[in-house]
Amino acid sequence: MFAVKRSLKLNNNEATLMAKHAGFRRVVFNFGLSLRTQIYSEGKLSDSKVINEVKKVLTNHVKKQPEFAWMNQLSSRVYQNTLIDLKDAFSRYRAGKAGHPKFASRRHGQSFTVDSSNGKVLLRAGNTIKIPTLGTFRLHEPLECGYVSQTFTLSKEGSRWFVSFCVDAERLPVQQPKSSVGIDVGIKYAALLSNQQVFDAPKPFLASAKTKLATLQSQASRQVKCSNNQRKTYNKISRLHAQIACIRKDFLYKLTTYLAKTFNLIKIED
């Protein structure tokens, strides 16, 4: 199984639709977390029973209130998958794999998940993608071939929205290398191998990006709070943060791919 991720080319109405669904996900997650905590304080119930009780309250009471009528205009698959995420979060917490679930905030990022309730769907090659319950959207980078998937996650990075989905695939046999290497992760170099290979981080770009970032942040602090100019500056800052993150990810992915293909045994300091 591998993941496919593409950037969406959205107009203003489509971007607003994505933001509404992300907000829908936050409201449902926070409401479910609050209600779930109350149910547990009243008595011990299994995860499945708790989720069913939360669904009943959302469907039969909350969504029928006038102030929450907007929920009925959005995809119901969002809140179905959100409650599944909440259940998984508590499962990881009880297993000691993560901390106690916290309330979702917009500052932590905007994302949501939808799926096809009728099973897997076929995604055709081309410059568009049809996402279940949401519609058809244009892509910046086309799909090279057809894919079959069921669950789709939409997320915002900087000012751009991305869609990602998993595809079943067979693992191809590869020639296993026999050499080994030790890695020293340092400050002067990103990584120094025991065979004297040196890998430098993309410092020139990061240095100029940090300078530009400091300039934009200083500019935003001097602008009128909540004004259009400050909002535009914050959008530039978010795009620059996303660009810096992509550069770092690209460097790390290329480095780890090279190491995995070249060496059979890798030792690294803890």
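Before anything else: the model is predicted. Keep that in mind as we go.

Let's start with the inside. The largest nonpolar core has 33 residues. Which of them touch the most other members? They are Leu8, Phe112, Ile129, Ile131, Leu154 and Phe165. Helix H1, residues 12-42, gives the most to this core, with five residues. There is also a second, separate core, this one of 10 residues. Among its members are Val181, Leu193, Phe199 and Phe263. As background, nonpolar side chains in soluble globular proteins tend to be buried together.

Setting aside residues up to four places away in sequence, Leu8 touches Met18, Ile129, Phe137, Arg138, Leu139, His140, Leu154, Trp161 and Val163.

Now the strands. Strand S1 covers residues 2-9, and strand S8 covers 160-167. How do S1 and S8 run, parallel or antiparallel? They are antiparallel, and six bridges join them. Within that pairing, Ser7 stands opposite Phe162 in S8. Phe162 comes up again with Lys5: the charged end of Lys5 sits over the Phe162 ring, 5.0 Å from its centre.

S1 also pairs with strand S5, residues 135-143. That pairing is antiparallel too, over two bridges. Here Lys9 stands opposite Arg138 in S5.

Next, an open sheet of four strands. Its order is S11-S10-S9-S12, and the pairing is mixed. The edge strands are S11 (198-199) and S12 (265-268), each pairing on one side only. Inside this sheet, S9 (residues 180-184) and S10 (residues 191-193) run antiparallel, joined by two bridges. Asp184 stands opposite Leu192 in S10.

On to helix H3, which spans residues 76-94. Two residues to look at here. Is Val78 buried or exposed? Its relative accessible area is 0%, so Val78 is buried. Beyond residues up to four places away in sequence, Val78 touches His21, Phe24, Arg25, Phe112, Thr113 and Val114. Val78 and Thr133 are 55 residues apart along the chain, yet their C-alpha atoms are separated by 9.5 Å.

The other one is Asn81, also in H3. With a relative accessible area of 8%, Asn81 is buried because the cut-off is under 20%. What does Asn81 contact, leaving aside neighbours within four places in sequence? Thr113, Val114 and Asp115.

Last topic: aromatics. The structure holds seven aromatic pairs. One of them is Phe152 with Phe165. The ring centres are 5.5 Å apart and the planes sit at 50 degrees, so this pair is tilted. Phe152 is in strand S7, residues 151-157, and Phe165 is in strand S8. The two are 13 residues apart, and the pair links distant parts of the chain. Both Phe152 and Phe165 are buried.

Another tilted pair is Phe199 and Tyr258, 5.8 Å centre to centre with 55 degrees between the planes. Phe199 lies in strand S11 and Tyr258 in helix H5 (residues 228-262), so this pair ties together parts 59 residues apart in sequence. How accessible are the two partners? Phe199 counts as buried, at 18% relative accessibility. Tyr258 counts as partly exposed, at 29%.

Finally, Phe24, Trp70 and Tyr79 form one aromatic cluster. Phe24 is also one of the residues that Val78 touches.

That's the tour. Thanks.

Conventions. Residues numbered from 1 in each chain as written. Predicted model: local features only at pLDDT ≥ 70, side-chain atom pairs only at ≥ 80, totals over all residues. Heavy atoms only, no water. Buried < 20%, exposed > 50% of the residue type's maximum accessible area, 1.4 Å probe, protein only. Contact = heavy atoms within 4.5 Å. Core = buried A, V, L, I, M, F, W, Y, C linked by side-chain atoms within 4.5 Å. Pairing = 2+ DSSP bridges. Phe/Tyr/Trp six-rings, centres within 6.5 Å; stacked < 30°, edge-to-face > 60°. Lys NZ or Arg CZ within 6 Å of the ring centre and 35° of its normal.
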